[in-house]
Amino acid sequence: MPQMQILCPQCKQPLVAEIKQLFDVGQDPAAKQEILSGLFNIIQCPHCGYQGPYPAPLVYHDPAKELLLVFVPPELGLSQHEQEKFIGPLVQQIMRTLPAEQRKAYLLNPQQVLTLRSLQERILEADGITKEMLEAEERRVKLLQRLLSASEDSLVDILKQEDENIDVGFFRAVSQLIDAARTGNDEVSAQRLEKVLELALEHTTAGREQRAVIDALKDLEKRLAALGPRPTPQALRTTLVDWVAEDPAEPRLQALVALAAPFLDYGFYQALTERAEQASAERRAALEKARDRLLELSKQVEEALQAAVQAVREAIDRLSRAQDVRKAVQEALPWIDQDFLAILQDEIEQARRRGDTHRLQRLERLWQALEEALAPPPTVQLLDNLLRAQDKAERERLMERHAALITPEFVQSVAQLLAQAEQGALPSELKPLLQTVYNEVARFSMLQRLKQGGTGSGAGAAAQEKRA
Ligand SMILES: [Zn+2]
């Protein structure tokens with residue numbers, strides 16, 4: 001990043017800072033996340049202590065999406081001529097990095113945006129995320145904040161007032177937040193969110209619809225379970241057709257697509273059509289309508305799935321081409337999940353079968369970086385190993401080998417786990433073992449400090465760890 005002489009936006013005194021003006025996703029996949037997060041060109045003024053963004057003009061380029069966007073902060077008051085003097089060289093620089101066949105017409109026509117926010121919106125729009133979706137998301141976040149800070153007896157009133165803003169996305173967001181709170185052992189938030197969820201299911205239009213789908217799902221599960229462990233395809237199909245025909249309304253249709261999409265094949269639709277043809281005129285119309293709706297819902301699910309897989313493939317491609325793959329992986333970690341890893345494995349397998357060694361190497365490099373990034377921190381690994389150790393002697397050896405990790409903080413974290421086990425938050429079988437491990441690490445840590453003359457987990461222990 002180039003060092004530049006700039007003026008502090010607050011005190012207007014000169015200072016030197018690293019200012020980035022070219023965000024080229026083709027060269028650096030992380031550039032996109034930088035712009036979307038707004039965390040770039042953050043400066044610190046040595047004169048007045050200002051710490052915050054520096055409004056530099058910038059160029060954003062994404063060759064895969066054919067996006068070339070220019071943002072000149074209006075507060076700079078640059079004339080048209082000054083703007084061109086800045087944009088020209090940066091576009092030249094982009095051109096030079098591109099092979100001839102990729103120098104396309106969009107590069108001749110950079111599009112100007114007026115605010116950082118509209119720059120971010122344009123980038124997301126190219127990913128298929130519209131302004132309306134972003135606004136809906138923002139409204140949802142505000143509503144959730146309101147619900148979480150309101151008193152419990154006002155929740156129902158708020159939910160009723162906001163009825164039209166509560167949709168499927170709201171329920172999805174609340175469920176995700178509950179999972180996140182549980183994972184983070186934040187029981188208070190989890191319970192509060194569950195209360196919100198329960199009341200929203202009861203007191204809103206979308207909630208009652210959602211509840212009907214949940215009930216239908218349970219009913220379908222029960223019906224399928226009654227078929228036994230290995231039903232014949234014929235029995236399965238008849239059961240599904242019977243079930244829809246009983247009540248061909250929206251909740252059952254949604255439940256069917258959610259639970260049994262793979263079985264909604266040609267044979268199923270044929271059976272449903274036959275059932276409709278045998279029925280009275282009125283029922284026939286209802287069943288045909290249900291069939292069309294099922295086809296539509298299945299198509300939506302299929303398209304959403306394909307779009308998700310495609311987005312992951314593109315992300316894999318970008319990450320595997322990153323110059324600094326470790327850094328790119330670190331930035332991508334929040335959205336890397338099991339599906340991502342499965343698709344990456346699939347891509348590796350395909351590259352191997354095709355004998356595409358170049359791609360294979362890149363993908364394997366990415367896999368390795370992911371494995372490193374996803375590995376638990378050493379202290380978590382150590383505790384895990386201690387809990388799995390055969391006996392006291394093996395634990396002693398582990399502690400000797402990783403002495404530097406056995407700090408008072410580590411002992412404290414084992415104590416916390418033990419407390420959780422005592423409160424019943426962890427399986428009770430773990431308790432005696434945790435108690436033993438706790439006693440041993442506490443004793444080890446104490447002896448260690450005594451040996452070092454009470455200086456704590458200092459250089460001595462670190463040197464010991466190095467030697468090991
Ligand atoms: Zn300043």
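Reader: Which domains does the domain assignment give for the protein chain?

Author: Welcome! It gives domain 1 (3–126), domain 2 (131–203), domain 3 (213–305), domain 4 (322–374) and domain 5 (378–467), with bounds from an automatic or database domain assignment. Residues are numbered from 1 along each chain as its sequence is written. This is a predicted model, where local features need pLDDT of at least 70, side-chain atom pairs count only at pLDDT 80 or more, and totals for chains, interfaces and linings use all residues.

Reader: Why are H18 and H19 called roughly antiparallel?

Author: Helix H18 (residues 408–422) and helix H19 (residues 430–451) pack at about 160 degrees. Angles run from 0 to 180 degrees between N-to-C directions, and those over 145 count as roughly antiparallel. H18 and H19 are therefore roughly antiparallel.

Reader: What makes up their contact, by class?

Author: Among the residues that meet are Phe-410 and Val-414 of H18 and Leu-434 and Tyr-438 of H19; being in contact means C-beta atoms, placed from the backbone, within 7 Å. By class, the contact has 14 nonpolar, 2 polar and 2 charged residues. Ala, Val, Leu, Ile, Met, Phe, Trp, Tyr, Cys and Pro count as nonpolar, Asp, Glu, Lys and Arg as charged, and the others, Gly among them, as polar.

Reader: And why are H7 and H8 called roughly perpendicular?

Author: Helix H7 (residues 187–203) and helix H8 (residues 205–225) pack at about 95 degrees, with axes 5 Å apart. The term covers 65 to 115 degrees, so H7 and H8 are roughly perpendicular.

Terms used: Helix = DSSP H or I, 4+ residues; strand = E, 2+ residues; numbered from the N terminus. Parallel < 35°, antiparallel > 145°, perpendicular 65-115°, else oblique. Contact = placed C-beta atoms within 7 Å.
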